[in-house]
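Visitor: I have a structure open on my screen and I'd like to learn how to read it. Could you walk me through a few spots?

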Amino acid sequence: NKLEYQSRVYSNLPKFASFIAMSNRVKNDYVNNLNIPADQIKIIYPGCDVQDIEESLNRSSEVIRLGIVANSSINKGGHLFLLAAGLAKMFGAKFKISMIATKYKKDIFLQLLINLFRLNSICTIYPKQDDMIEFYNNIDCIVLPSRNEAFGLVVLEGMSFGKVPIVSNTA
């Protein structure tokens with residue numbers, strides 16, 4: 001439905017119109033799905049303010065702290081991340097997880113994975129956060145395991161706090 005709507009909108013625009021995409025992936029989608037000529041599409045990446053990261057880099061924990069923002073959508077990859085984390089834990093990997101999962105109480109599959117792999121002791125689930133500063137200051141890496149992501153702003157935000165990004169090849 002979305003593609004049909006976008007195609008209708010595009011067909012009613014002047015043929016010399018220019019378009020903005022937020023990533024190469026979105027640009028390719030416009031070219032492939034809407035038949036918009038590539039030279040009519042400019043990429044403008046989203047931005048964010050660079051944070052003062054000096055304090056967050058001075059810590060002395062030996063256990064890596066992984067941060068993930070994942071709603072209950074299969075496309076966001078939170079379930080896949082927990083499966084991988086569970087397997088890594090079974091093989092002796094040492095890490096902690098901070099996960100913002102706004103629909104955790106309704107997501108039975110997410111709860112099942114946490115319980116199945118006994119991740120309760122290493123995984124802290126947070127509800128929606130209005131202020132992400134504390135979240136970013138308490139992780140070492142920001143993980144974006146999305147199966148389909150136009151542009152993961154959390155990666156850019158995490159990097160602005162000096163956090164190492166770990167992303168899927170579709171993000």
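Guide: Here come some questions and answers about this model, which is a predicted one.

Visitor: Let's start on the surface. Which residues form a nonpolar patch there?

Guide: Look at α4, which runs over 78-90, and at the loop that leads from α4 to β4. F91 has its place in that loop, and F91 belongs to the patch. Together the patch members have about 560 Å² of accessible area, and they are L80, L83, L87, M90 and F91.

Visitor: Is F91 itself buried or exposed?

Guide: The cut-off to know is that exposed means over 50% relative accessible area. F91 comes in at 76%, so the word for F91 is exposed.

Visitor: Now the largest pocket. Which helix gives the largest share of its lining?

Guide: The pocket has a volume of about 290 Å³, and 12 residues line it. Nearest its centre you'll find K2, Q6, V26, D29 and Y30. Two helices, α1 (2-11) and α2 (24-34), each supply at least two lining residues. The largest share is six residues, and it comes from α2.

Visitor: What about salt bridges: how far apart are the closest N and O atoms of R65 and D140?

Guide: A salt bridge here needs a Lys or Arg side-chain nitrogen within 4 Å of an Asp or Glu carboxyl oxygen. The count by this rule is two. One of them joins R65 and D140, with a closest N to O distance of 3.4 Å.

Visitor: Last one: what is the phi of N35?

Guide: Most residues other than glycine have a negative phi. N35 lies in the loop between α2 and β2, and N35 counts as exposed because its relative accessible area is 60%. Although N35 is not a glycine, its phi is positive, at about 60°.

Conventions: Residues are numbered from 1 along each chain as its sequence is written. This is a predicted model: local features need pLDDT of at least 70, side-chain atom pairs count only at pLDDT 80 or more; totals for chains, interfaces and linings use all residues. Side-chain values use heavy atoms; hydrogens and water are left out. Patches are made of residues with over 30% relative accessible area and no salt bridge: like charges are joined within 9 Å, nonpolar side chains (Val, Leu, Ile, Met, Phe, Trp, Tyr) within 5 Å. Accessible areas come from the Shrake-Rupley method with a 1.4 Å probe; for residues, only the protein chains shown count as cover. Helices (H or I, at least four residues) and strands (E, at least two) are DSSP runs, numbered from the N terminus. Buried means under 20% relative accessible area, exposed over 50%, partly exposed in between (1.4 Å probe, protein chains only). On a 1 Å grid over the protein atoms alone, a cavity is a set of points where a 1.4 Å probe fits but cannot get out, and a pocket is an open set with protein on both sides within 12 Å along at least five of seven lines; lining residues have an atom within 4 Å of a point. Grid points are joined across faces, edges and corners, and a volume is the space filled by probe spheres set on the points.
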